[in-house]
Amino acid sequence: MLVSIFSAAAFLAILTLILAAALLFAEHRILNYGPCTLDINDGGKTLVVTGGSSLLSSLAEKDVFIPSACGGRGSCAYCKVRVLEGGGVIGPVEESYLSPEDLKNQVRLSCQVKVRQDIRLAIPEELFLAKRFRGFLERKRMLTYDIVELRIVLREPQRIEFAAGQYIQLESEEYAGHDAVMRAYSISSPPSDDGHVEVIIRKIPEGICTTWVFDHLQEGREIFFSGPYGDFQLTETKAPAVFIAGGSGMAPIWSILREMLQRGDKRQAMYFFSGRTKDDLFFTEELFALEKELPDFRYIPCLTREPEDSDWKGERGRIPKVLPRFIADAAGFEAYLCGSTSLIDACVAALKQAGINESNIFYDKFE
Ligand SMILES: Cc1cc2nc3c(=O)[nH]c(=O)nc-3n(C[C@H](O)[C@H](O)[C@H](O)COP(=O)(O)OP(=O)(O)OC[C@H]3O[C@@H](n4cnc5c(N)ncnc54)[C@H](O)[C@@H]3O)c2cc1C
């Protein structure tokens, strides 16, 4: 009796093992972890990749870099592409980032689409221009107590072509149990300095990439990034411009202003920069010097928490309060904003109230 119970149990165990192996094999076949074809822009580019990874990383492996501010975690919604066939079902994480318009246009988050079969997709042609770069950190200097500037010399490729206002994706390294991640940083150097890339980074407490930058990254170290990405850039019009930034939101504006100087751009421009106290200001001398170098430029730093008894003679208060004193009627202006969501949302509301056309407001939110 005991023997037959034992052999029945053994038989069941063996059967379970065989079934599990068969399932694994079937899954491997069904999910097609073999070669899959990615047909981009109706045959414009055809890539053969090994199935099993996300569409975002499969494309990156073949040097097609889709911007992703969160590094593929499904939390920034930057990596949208049109998936026309073979994208599989949309999961709940992804669905929350897709508007009815996106769904109608077959837009998907490429980080959430798994490559399990041949896929037909459409991406903007300019993304083919993004490359992966290898460089080394020539200079790391603190600009304020929580903001650092990195100057990277390019090694491979040795030149970068970008528009002032665009951003790169910096790759951090593994440290203290954290995986390597990719994060978006706007380029602060001007496009003419095409053998270098400068970025300005604010420390985020407990932030994976910023902690690596502040605490682990040293001058002379090899650095990898991809780019350029983004469409935040000055238009070709002559419309007066209002620039607004806070903290490291300075980066793309600093690149745009330096390019305006080099191009001899004559448009009227005002730059409102938000800080809590004087300790949050940087590039102050350079920006006031620009008032003399550009024909019609004003720099207006605004401090929200500078002690009353300090020697500060500049503007006090939040930008939405200060702005109407400088621009009573913003109709005809273009606005370029960079920094935290709260700063941008408050300033966009103030700009609209001052009469600016919504289609003339451009911004990059850093969160
Ligand atoms: C297009 C674009 C351009 C950007 N350019 C710049 C730039 O030029 N300079 C720069 O410093 N940053 C920039 N950022 C933000 C940057 O990409 C990172 O999000 C930021 O540095 C935090 O990365 P982390 O890995 O250190 O933090 P994570 O580990 O990703 O986050 C840690 C925690 O901090 C929160 N958090 C993340 N980012 C912020 C933030 N900016 N403010 C407050 N809380 C935050 C997260 O929600 C999380 O709870 C840009 C973002 C975008 C989308």
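Pro228 lies in strand 11 (residues 222-229), where helices (H or I, at least four residues) and strands (E, at least two) are DSSP runs, numbered from the N terminus. A cis peptide bond with omega of about -5 degrees joins Gly227 and Pro228. The structure is a predicted model, in which local features need pLDDT of at least 70 and side-chain atom pairs count only at pLDDT 80 or more, whereas totals for chains, interfaces and linings use all residues. Residues are numbered from 1 along each chain as its sequence is written, and side-chain values use heavy atoms, with hydrogens and water left out.

A cis peptide bond also joins Glu156 and Pro157, with omega of about -15 degrees. Pro157 belongs to the loop between strand 7 (147-156) and strand 8 (167-171). The backbone of Ala77 has a phi near 60 degrees, a positive value in a residue other than glycine. Ala77 is located in the loop between helix 2 (55-61) and strand 3.

The domain assignment of the protein, which is automatic or taken from a database, gives domain 1 (35-127), domain 2 (131-229) and domain 3 (241-365). The centres of domain 1 and domain 3, taken over C-alpha atoms, are separated by 36 Å.

Strand 3 (residues 80-85) runs antiparallel to strand 4 (residues 107-109), and three bridges join them; two strands pair if DSSP finds at least two bridges between them. Arg82 has Val107 of strand 4 as its bridge partner. Strand 3 also pairs with strand 5 (residues 119-122), again in the antiparallel sense and over three bridges. In that pairing, Val83 is partnered by Leu121 of strand 5.

An open sheet of six strands, with parallel pairing, has the order 15-14-13-12-16-17. Its edge strands are strand 15 (315-316) and strand 17 (361-365), each of which pairs on one side only. Within the sheet, strand 12 (residues 241-246) and strand 13 (residues 269-275) run parallel and are joined by six bridges. Phe243 stands opposite Tyr271 of strand 13. Helix 7 packs on the sheet and touches strand 13 and strand 14 (297-303), its direction making about 150 degrees with that of strand 14. Axes are lines fitted to C-alpha atoms, for helices over the stretch in contact, and angles run from 0 to 180 degrees between N-to-C directions. Contact means heavy atoms within 4.5 Å.

Helix 7 (residues 284-293) also packs with helix 6 (residues 250-263), at an angle of about 30 degrees and with axes 11 Å apart. The two helices, helix 6 and helix 7, are therefore roughly parallel to each other; angles under 35 degrees count as roughly parallel, over 145 as roughly antiparallel, 65 to 115 as roughly perpendicular and the rest as oblique. Met250, Trp254, Leu257 and Leu261 of helix 6 make the contact with Glu286, Leu287, Leu290 and Glu293 of helix 7. These residues divide into six nonpolar, no polar and two charged. Ala, Val, Leu, Ile, Met, Phe, Trp, Tyr, Cys and Pro count as nonpolar, Asp, Glu, Lys and Arg as charged, and the others, Gly among them, as polar.

Helix 8 (residues 319-326) and helix 9 (residues 341-353) pack at an angle of about 30 degrees, their axes lying 9 Å apart. Helix 8 is thus roughly parallel to helix 9, and their crossing is right-handed. The contact involves Ile319, Pro320 and Leu323 of helix 8 and Leu343, Ala346, Cys347, Ala350 and Leu351 of helix 9. Eight of the contact residues are nonpolar, with no polar and no charged ones.

Key
Left-handed = near helix turned anticlockwise from the far one by under 90°.
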